[in-house]
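Open the model in your viewer and keep the selection tool at hand.

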Amino acid sequence: MTYLRTNNLLSDLHSGFRVHHSTEMVILKVMSDILHALDSGNLAVLRLLDLSATFESADHTTFLLRLQKSYNVYGTVLNWFTSYLTRCRQYIRTTSSSTPSSVFYGVPQGSVLGMILFLLYTADLLLLIEVMV
């Protein structure tokens, strides 16, 4: 996160998993923007985008490429992320266990890096929104 903040790689609109960027602040900003538009005599439209499936559908190859192109991550650090994502395995266990299989999609949940990976994977969406506004 320090690297992302220091190099100004996060949009001001991206509030997820950031210090001093709470859900309440986002709601207040949205409400303020809507009320300002209405007070100015403009029409306000709110579009919502559900990104919950992104955790399960994030493509590892696309994500690793995005780390290089959007965040200038190469060398050892890129190798760390590659190892972290490509070593993911899953299996089913009841009375016996199935054969482990590789996981090619999804952000590992329940880890320290999971939230940061999600933030980086979805950050380009905010760039598109900023252009549209």
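**Stop 1**

Select Leu48, in the loop between α2 (23-39) and α3 (54-57). Helices here are DSSP runs of H or I, at least four residues, numbered from the N terminus. This is a predicted model: local features need pLDDT of at least 70, side-chain atom pairs count only at pLDDT 80 or more, and totals for chains, interfaces and linings use all residues. Residue numbers start from 1 along each chain as its sequence is written, and side-chain values use heavy atoms, without hydrogens and water.

Leu48 counts as exposed because its relative accessibility is 75% (exposed is over 50%, buried under 20%, partly exposed in between; 1.4 Å probe, protein chains only).

**Stop 2: the core**

Now select Phe63, Leu67, Tyr71 and Leu120, the residues with the most contacts inside the largest nonpolar core, which has 19 residues. α4 (60-71), α5 (75-86) and α6 (112-132) each supply at least two of its residues. The largest share, 6 residues, comes from α6. A core joins buried Ala, Val, Leu, Ile, Met, Phe, Trp, Tyr and Cys through side-chain atoms within 4.5 Å.

**Stop 3: a loop**

Finish at Asn72, between α4 and α5. Its phi is near 55°, positive in a non-glycine residue.
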